[in-house]
Amino acid sequence: MLVLAFDTATPAVTAALHDGERVLAESTTIDARRHGELLAPAVERVLSEAGVRLRDVTAVVAGRGPGPYTGLRVGLMTAQALAATLDVPAHGICTLDVLAYGSGLDEPFLVATDARRKEVFWARYADRRTRLDGPSVDKPADLPVEGLPVVGAGAGLYPEALGAAADPAYPYAGFLAALAAERIAAGAPLDEARPIYLRRPDAVVPGAPKKVTA
């Protein structure tokens, strides 16, 4: 097994390789505006550090979001293109599940990431592997925190409503790769590399111009 994993659903452009037992290499850059520029070099970097060739990859896994439209599409389209080139499966995992898994928590908690517009993408978990509710998008004050820990950078943006943020802040690809490898080894089904959209994109196609009247 050689899993190539990456996520671009948050400001973290992150990639990693996993051989079924451990993370061989990982690269992360925090930059909310350059997903398209940074992802390919990150993939090349982890391949080089691990000393493996792209053609040796047996599965490609990308974070499905939810996340801002443009950044999210970069990772998912790259996953589909690489998988088609290599003739290997392209899988997707909810980005919030990656944060949950990376937390290592075995008690109830929430995960929250920045959804912009003064909202967060969030989900509720029984433990790091078990999602109970979500993903959803809401105002921070509307989340059912009830004293639960909140994992992710979304909590750091709204501490008055969500309290102190628990680690990790971002869905690092090492966690994504490890979770994917665990599920593949167990024969558990993985989702397709398709985006999780919870609202329409900010950019829209312009409508027809208004008629000018005298």
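Analyst: Happy to! A residue counts as buried when its relative accessible area is under 20%. Keep in mind that this is a predicted model.

User: With that cut-off, how many residues of strand β2 are buried?

Analyst: Seven of the seven residues in β2 (residues 12–18) are buried, so the strand is largely enclosed by the rest of the structure. You can check this face by face: Ala 12, Thr 14, Ala 16 and His 18 are buried on one side, and Val 13, Ala 15 and Leu 17 are buried on the other.

User: And how do I read its pairing? Which strands pair with β2?

Analyst: Two strands pair if there are at least two bridges between them. Here β1 (residues 3–7) runs antiparallel to β2, joined to it by five bridges. Val 3 stands opposite His 18 of β2, and the two strands form a hairpin with four residues between them. β2 also pairs with β3 in the antiparallel sense, over seven bridges. In that pairing, Val 13 has Thr 29 of β3 as its bridge partner.

User: Where is a positive phi found in the hairpin of β2 and β3?

Analyst: Look at Gly 20: its phi is positive, near 95°. This hairpin has four residues between the strands.

User: Ser 103 takes us to helix α3. Is it mostly covered or uncovered?

Analyst: Mostly covered: nine of the nine residues in α3 (residues 95–103) are buried. Among them are Leu 96, Val 98, Leu 99 and Ser 103. Gly 104 follows the helix with a positive phi, near 70°.

User: How do I describe the packing of two helices?

Analyst: Packed helices are described by the angle between their axes and the distance between the axes. The axes of α3 and α6 (residues 173–186) come within 9 Å and cross at roughly 90°. That makes α3 roughly perpendicular to α6.

User: Which residues of α3 and α6 meet?

Analyst: From α3, Asp 97, Val 98, Tyr 101 and Gly 102 take part. They meet Phe 175, Leu 176, Ala 178, Leu 179, Glu 182 and Arg 183 of α6. By class, the contact has six nonpolar, one polar and three charged residues.

How values were computed: Residues numbered from 1 in each chain as written. Predicted model: local features only at pLDDT ≥ 70, side-chain atom pairs only at ≥ 80, totals over all residues. Heavy atoms only, no water. Buried < 20%, exposed > 50% of the residue type's maximum accessible area, 1.4 Å probe, protein only. Axes fitted to C-alpha atoms, helices over the stretch in contact; angles between N-to-C directions. Parallel < 35°, antiparallel > 145°, perpendicular 65-115°, else oblique. Contact = heavy atoms within 4.5 Å. Nonpolar A, V, L, I, M, F, W, Y, C, P; charged D, E, K, R; others polar.
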